[in-house]
Amino acid sequence: MDVLIHLFVGLHIIGIAALLGGFLSQMTALKQGTARITKGMLHGALTMLVTGVALVGLNQAQDYSIDNIKIGVKLAILIVVLGIVYVKRDDEKVDKGLLMAVGGLTMANIFIAVLWT
Ligand code: HEM
């Protein structure tokens, strides 16, 4: 089962790459006012949700302790990100503030994951 947990942590990290990489790929477009939500960002956010929930289940199945408050905060932040990228997925361009919120909240979740012990 441990190998499955590690596998899902790997998939969780691939999700971060898609979400954060999608945000970073829009930096030049952001300066030109043409930044948009890319498909990779939406798929990355969905991957975070699916793999995150799977990780909770797999850890609980092994009786490993999970910090429910930390996971709850990460989930709440991801739901905001998911809401933005889902609603704005077809817009030709997106407000700077919304795009920065997606990038900033994703980075916040990364630091919550690694610093909240
Ligand atoms: C943008 C959103 C998210 C980011 C950037 C993120 C980031 C990370 C990172 C970097 C790790 C590996 C480091 C570690 O083990 O501490 C991790 C682990 C984990 N994540 Fe996430 N995560 C996100 C969303 C979620 C969500 C929504 C859930 C659950 C519903 C979740 C549940 C977990 C669990 C259970 C682990 C492994 C156990 C732990 O260390 O807490 N994550 N996450």
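A polar contact is a pair of N or O atoms within 3.5 Å; within protein, one of the two must be able to donate a hydrogen and the other to accept it, and residues adjacent in sequence count only if both atoms are side-chain atoms. The model is predicted, so local features need pLDDT of at least 70 and side-chain atom pairs count only at pLDDT 80 or more, while totals for chains, interfaces and linings use all residues. Residues are numbered from 1 along each chain as its sequence is written, and side-chain values use heavy atoms, with hydrogens and water left out.

The ligand is surrounded by 16 residues, the closest being H12, M48, K74, N109 and A113, where a residue is near if one of its heavy atoms lies within 4 Å. The table lists contacts of the ligand.

| Residue and its atom | Ligand atom | Distance |
|---|---|---|
| H12, side-chain N or O | nitrogen | 2.8 Å |
| K74, side-chain N or O | nitrogen | 2.6 Å |
| A113, backbone N or O | oxygen | 3.0 Å |

Elsewhere, the charged end of R89 sits over the ring of Y86, 4.0 Å from its centre (for Arg, CZ within 6 Å of the ring centre and within 35 degrees of the ring normal).
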